Every structure is written in C-alpha cells, then in structure tokens.
Amino acid sequence: QVQLVESGGELVKAGGSVRLSCVASGLIFSSYVMGWFRQAPGKDREFVAAIRSRGSTFYADSVEGRFTISRDNAKNTVYLQMDVLKPEETAVYFCGAARPLLAGTKDAASRTTTYDYWGQGTQVTVSS
C-alpha cells in the first residue's frame, strides 16, 4: 500500500531553519505531484508548496522566497527547506501525493482535495 512518512519536525526559534523530508513507498513516485501542507490547531489544512514530477514548483505567497521544495526521485523523497521561520508557522506539516493530470496548476495543487495520499505529519514549533 502507499505510505508517505514525514520527518524532520522540531522546535526552532523564530528566524531559524528546518528541513523536512517525506519518503514515499508503494507508488511510482516520479510520476506524482508532491505537496506540502500545514495545519495549526483549530485551523484548516493550508497549502505551502508543491513540486511537479520534472521539478517545476508552486508556493503559497506567504512562504515564497523563504521556503524551498525539492525532490529526489531516485530516493522517493520530497524535501521542504524552511528558512526565516515565524511563530505563526507553528503547525503539523503534511506531505501529500497527487496524480499529475489533476495537479498541473497552482490552483489545483493548492487544494487538499487534489491529493490522493497523505502522510501522518510532523510537528514544527517556532518559538518567539
């Protein structure tokens, strides 16, 4: 079965950096659009970034220029490098996998309903 396993979440001070990883199994990783979302307590899950199979990327406006999504298809892994973190970005971060025909635009890739599979999430806490 398909599994997505996130790791790398930690407690960090405001202005600091964290790198998240998500390892996928049970699917043809290289053909899927991979996305990162986050969910703070009491809030909806929100889009952070996505990367298409050949490497083109989409970002939420709030993280553009500070976060970088990348993928290593040989390792079935997608990464999220997060720099200059803010306390309001404290959340559980999830990775998701979407079929490329459904997630070809930023609008589509930013919707949770586009994604077929999700990981269990990893906690990132940014202290002020």
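Predicted model: local features only at pLDDT ≥ 70, side-chain atom pairs only at ≥ 80, totals over all residues.

Residues are numbered from 1 along each chain as its sequence is written, and side-chain values use heavy atoms, with hydrogens and water left out.

**Exercise 1.** Work out the strand order of the four-stranded open sheet and find its edge strands.

*Solution.* Start with the pairing (at least two DSSP bridges between two strands; strands are DSSP E runs of at least two residues, numbered from the N terminus). The order is 1-3-8-7, with antiparallel pairing. Next, look for strands that pair on one side only: these are strand 1 (3–7) and strand 7 (67–72). Then zoom in on strand 3 (residues 18–25) and strand 8 (residues 77–82), which are joined by six bridges. Val 18 has Met 82 of strand 8 as its bridge partner.

**Exercise 2.** Find the residues with the most contacts inside the largest nonpolar core.

*Solution.* Collect buried (under 20% relative accessible area, 1.4 Å probe, protein chains only) Ala, Val, Leu, Ile, Met, Phe, Trp, Tyr and Cys residues joined through side-chain atoms within 4.5 Å. The largest such core has 39 residues, and Trp 36, Leu 80, Met 82 and Tyr 93 have the most contacts inside it.

**Exercise 3.** Is Thr 114 buried or exposed?

*Solution.* Locate Thr 114 in the loop between helix 1 (106–109) and strand 10 (117–118). Thr 114 counts as buried because its relative accessibility is 6%.

Note on methods: Buried < 20%, exposed > 50% of the residue type's maximum accessible area, 1.4 Å probe, protein only.
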